[in-house]
Amino acid sequence: MTGWSTGRVPWKCHVVVAIFLLMLTVDVVKATSEYDPYKILGVSRSAGQAEIKRAYKKLVREWHPDKNKDPKAEDMFIKISKSYEILSNEERRANFDRYGQMDENQPFGQSHHQGFHGFHRSFYFDESFFHFPRSRDFADSKYMLHHAQFNSEILPDSYKRPYLIKVTSDWCFACIHIEPVWKEAVQELEPLGVGIGVVDLGYERRLANQLGAYRTPSIIGLVNGRVTFFHQVVVQEHLRQFVEDLLPQKLVEKVNDDNYLAFLESWHAENKPGLLLFDRVSDVPLLYKLTAFSFRDYVRFGYVEQGDTHITQLLQQFNINTFAPSMLLFKEDTQKPADIIQARGMKRQIMNEFVSNNKFLQVPRLVSQQIFDELCPVKQFHRRRKYCVLLITGEDDAFLPGNKAFLDFASAYKKDVLRFAYVYQRKQQPLCQALLQNQAAVSPQVVILERRSQAGRVLFRSVSGGWNGSEEDKHRLHEQLELLQRDPSYLTTDATLPELNNEMAPIFIVQWLSAVFDYILQIYDGLLYSNWREMMPILSLIFSALFILFGTVIIQAFSLDLRNPVLSSPKTQSRRSLPPPKMRKIDFVEVTELTDVTYTSNLVKLKPGHINVVLVLTNASKNTLLRKFAKEVFSFSGSQTLHFSFLNADKHRHWMASLLRSACFDQQSESHSDDEDSPDCAGYVLALNGHKKYFCLFRPVFTGDNHSGSEDGVKRGYGRATSIEVHHKLDRLGLWMERLMEGTLPRIQVPVWPTLDDAANTNASAS
């Protein structure tokens, strides 16, 4: 028996495996047959490449998602693109014709696991069971960006160079379509200095949300921390122009014989060297623009087109070779360039090194903390000491000779360990006060300092005698500098310097206007090119908020009309509307107490058409009932025909009983014992019409939930009302007030209004 069992088990396993493979093959073949690239493009199997290409272009124009609003347009567009990729490649087309294979990685279809969809539903396997390879290009791996890396490295670096970022994902067929163009653009732009990045939408969802990219493929430009989307046809020329458009407009100034002197002499106002590029092309090269963007805070850039007819004087004065691009850098001397470079093929590394070595004037002015940190770095090692020779001077014309003499001295006395600079005392007062030790400088002063920490600690020493630019001053400064290099302990004074003011920073209003302009451009770009399906939630939220806002205004407008009282005749019970009274805006409810003084004016002699709404309370329930009463009648307090009062039953305990007896309700009073002659009426509300001698009665009535009140007069008795909690007695007063305004409440006639005199009421009751 054991031998028979061991022989049957392998046979059963083979059968199961065979069935498994058969089902798998049927599903794959079925999926392959459903998506025939020839049928999708509408061409025959013998069609040539020209016919396939014409069919592809026609279908792409028809089914492009931005033009075709059909919900199936995006899926159809992907199928068309994938079909063209298969049939335009002879090797992949041959594989499909022979074996039905449409992709090296997966069966083709709308879903990534369409070929195994039926099998997946039957056996609950995932497509990862079959170990599909990833479709991402290996060349993109070195450009992959992550959220932390983007915020710590890429975002700050975008202020020095622009970035071109591609947003892609696995199984993105359109991404495969633009891949050749993307590779060519990267090969062209990256050597020029453009940063390249790739974001995987599936794995870096947080970064994609930060960039605002919600679909693939997307191409994004990043410069100065601002994100801009590429919306044109993906070709190399458009990508190049897109990068140029990301850069600020006035990076490079066109220079000719008419303006070159003004350009070179602007070094004093701008506190920057001037760099001129001579080249034969009419447009400014992108490489030069990118270099200008990187060093825009240090150097002014100008471009001279050698084919221009208005540059003869420039070419003759500086002896320019017109057969190769030339770069001339000018500092304080506008007649002679400080440095020159000439090469047929300008490379990015050569230009960056050339500008980096000349990005400061010979004697620059300290206008910001950033320049101070670079000119006078903090001491790190003993052999890397850097001393800063600082001239504290003024900006008036009287200081120009001394400033010129300091420049001449710095140009002649060049040492690697020394940096010469000057500062205007009026514009950097905190710094000058710390170096001059709060002493007012009558004449310019020269200070030699060495920075010891980033916190601002320095060692310094002032050169005795001040600075007037004389030969004696130059000789004295020369001696002290030589002594300093032999003996570093020459600097004896210790101080902590404050941070410098940024003199070149734009004023607040300019910064604010610039930020507003950028924000408006982003909104315009988003509305013009956004995917409306992605914006539907936002638009829905906006329109919902507007609907609620205007709906509330309309409801409030109608509610004001409903507050106007509508009184009806007690005989006909008709609902004839009185003319609406004038409404007055109040934010409180005026409630007066009915006393012997106010009783006649507020009830007996009340004007025709006016009603006094009276709350009956006791000393114990006064505060609670008054707060609740004011809350319930507040919405009706705008009418001039309504008055609000309260009656203290503890003071006038027989008035309520007298009123009910005078209204011919003796049958109810007889059912009560003598000790119930004055029942607990706290919480009763009466609407009294003094002129027509009738009233409407509101009574809280216990129904089991302590939340109800009666509106029907006094026909149900009032003894059970005492079981209701005080703060629930007026819960339904608002509804009763609405019925009062509509004129639908029962009206109880009285022959005469009882007085508040308890003795009189008692005698009337006894008789």
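Student: Numbering the bonded cysteines of the chain in sequence order, what is the pairing?

Tutor: The model before us is a predicted one. When the bonded cysteines are counted along the chain in sequence order, the pairing reads 1-2, 3-4. This corresponds to two disulfides in the structure. In general terms, a disulfide is a covalent bond that links the sulfur atoms of two cysteines.

Let us begin with Cys172 and Cys175. These residues form a disulfide in which the sulfur atoms are 2.1 Å apart. The angle about the S-S bond is 75°, and the link between Cys172 and Cys175 is right-handed.

Cys376 is found in the loop between α16 (369-375) and β10 (387-393), whereas Cys388 belongs to strand β10 itself, so the pair ties together parts that lie 12 residues apart in sequence. Here too the cysteines are placed away from the surface: both Cys376 and Cys388 are buried.

Cys681 has a relative accessible area of 6%, and Cys696 has a relative accessibility of 4%. Because buried means under 20% relative accessible area, Cys681 counts as buried, and Cys696 is likewise classed as buried.

Terms used
Residues numbered from 1 in each chain as written. Predicted model: local features only at pLDDT ≥ 70, side-chain atom pairs only at ≥ 80, totals over all residues. Heavy atoms only, no water. Disulfide = S-S within 2.5 Å. Helix = DSSP H or I, 4+ residues; strand = E, 2+ residues; numbered from the N terminus. Buried < 20%, exposed > 50% of the residue type's maximum accessible area, 1.4 Å probe, protein only.
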